[in-house]
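Hello,

Please find the structure below, with the sequence. My notes on it follow.

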Amino acid sequence: MSNYIIDGIMGLCVADALGVPVEFEYRETLKKNPVVNMRSYGTYNQPAGTWSDDTSMTICLADSLSKGLNYDDIMNNFNKWITNGEYTPYGEVFDVGGSTRSALLKYESKIEPLNCGGVGEHDYGNGSLMRILPIVFYLKSKNITNITKDDRGIYIIHNISKLTHAHKRSLISCGIYCSIAMGLIEKKSKYEAVKNGIYNTINYYKKYDKFEAELHHFQRLYSKNFNELPEEQIRSSGYVVDTLEAALWCFLNTDSYKDCILKSVNLGDDTDTVAAVAGGLAGIYYGYEDIPKEWIDKIAKRHFIEDICNKLYLSFN
């Protein structure tokens with residue numbers, strides 16, 4: 001069954017798996033030996049097609065949403081992942097961000113789910129951005145398709161982020177990304193979806209003093225010629241603004257799923273997450289059929305992920 005849910009989530013998963021073996025590699029190293037296909041082992045000594053926490057947490061969220069929106073249920077799925085190895089390729093967790101781990105420990109200590117995400121200066125990593133995509137599908141099912149004109153949309157997006165990351169920069173990044181993804185689901189052109197998604201979301205946040213003070217961090221994104229920046233000015237770190245910029249820059253400067261993901265991975269540093277964030281958008285835009293078959297065929301527990309995608313799709317119909 002082909003649908004925008006499987007397009008986006010498999011787009012994210014395949015990209016994640018391509019980035020896993022070279023996470024933390026320097027860009028200069030990858031220029032000499034670029035990723036062109038699925039690799040084995042590498043950074044985490046995992047077989048080709050192994051996906052990381054990006055995909056695990058995404059499918060935790062997707063699986064929960066198939067039963068409705070319940071923040072405790074989402075956190076319980078995250079705990080099944082980190083504690084028991086559920087929602088992983090091989091029953092083992094090998095990559096967890098510090099902010100995510102801290103939030104899940106708080107939840108285990110009986111703190112309310114929406115109070116678990118960190119708000120400190122070191123809590124604006126990309127750990128909520130990398131897994132936020134399924135909430136766009138949920139909002140679409142509730143006919144909330146213009147996120148910036150319906151406060152319910154931004155409110156729910158923020159809550160999903162706050163489960164692990166409550167810093168305003170993480171919330172804004174998730175808002176921008178979800179607005180762009182919704183535009184792509186609504187069949188807008190790539191450039192229109194990105195431009196309108198950024199512009200409308202930034203203007204939404206300008207209405208609120210608590211967010212306006214953070215918007216200068218996103219200035220490059222809403223500058224007119226962002227996509228024309230040279231590669232050397234694109235940072236691909238785990239800082240949420242860097243990740244969002246890098247993913248959108250790769251999406252805008254390529255014309256296929258394959259080219260978008262290879263460009264994302266070969267930027268180096270946080271390769272799996274930059275690629276996953278770009279891959280979710282590229283998957284929706286280009287479709288499942290544009291993902292190279294040889295990449296899909298390598299994905300560990302592929303049918304398990306696709307079953308979750310289809311379960312979520314059917315729950316909305």
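**Notes on the model**

Lys31 sits in helix α2, which covers residues 27-32. Please keep in mind that this is a predicted model. Is Lys31 buried or exposed? Lys31 has a relative accessible area of 54%, and exposed means over 50%, so Lys31 counts as exposed. The side chain of Lys31 makes a polar contact of 2.8 Å with the side chain of Glu231. Leu215 is 184 residues from Lys31 along the chain, and the C-alpha atoms of these two residues are 33 Å apart.

Next, the nonpolar core. In soluble globular proteins, nonpolar side chains tend to be buried together. Here the largest nonpolar core holds 107 residues. Val14, Ile132, Ile135, Ile176, Tyr257, Ile261 and Ile305 have the most contacts inside this core. Helix α8 (residues 168-185) supplies the largest share of the core, with eleven residues. As for Ile132, its contacts beyond neighbours within four places in sequence are Leu61, Ile157, Ile160, Ser161, Cys174, Tyr177 and Cys178.

Last, the cavities. How many cavities of 30 Å³ or more are there? The count is one. The largest cavity has a volume of about 40 Å³. Its lining is made up of Trp51, Ser52, Asp53, Ser56, Trp81, Thr88, Pro89, Glu92, Val93, Phe94 and Asp95. Sorted by class, five of the lining residues of the largest cavity are nonpolar, three are polar and three are charged.

Regards

Definitions and conventions. Residues numbered from 1 in each chain as written. Predicted model: local features only at pLDDT ≥ 70, side-chain atom pairs only at ≥ 80, totals over all residues. Heavy atoms only, no water. 1 Å grid on protein atoms, 1.4 Å probe; cavity = no way out; pocket = protein on both sides within 12 Å on 5 of 7 lines; lining within 4 Å. Points joined across faces, edges and corners; volume = space filled by probe spheres on them. Nonpolar A, V, L, I, M, F, W, Y, C, P; charged D, E, K, R; others polar. Core = buried A, V, L, I, M, F, W, Y, C linked by side-chain atoms within 4.5 Å. Buried < 20%, exposed > 50% of the residue type's maximum accessible area, 1.4 Å probe, protein only. Helix = DSSP H or I, 4+ residues; strand = E, 2+ residues; numbered from the N terminus. Contact = heavy atoms within 4.5 Å. Polar contact = N/O pair within 3.5 Å; in protein donor to acceptor, adjacent residues only side chain to side chain.
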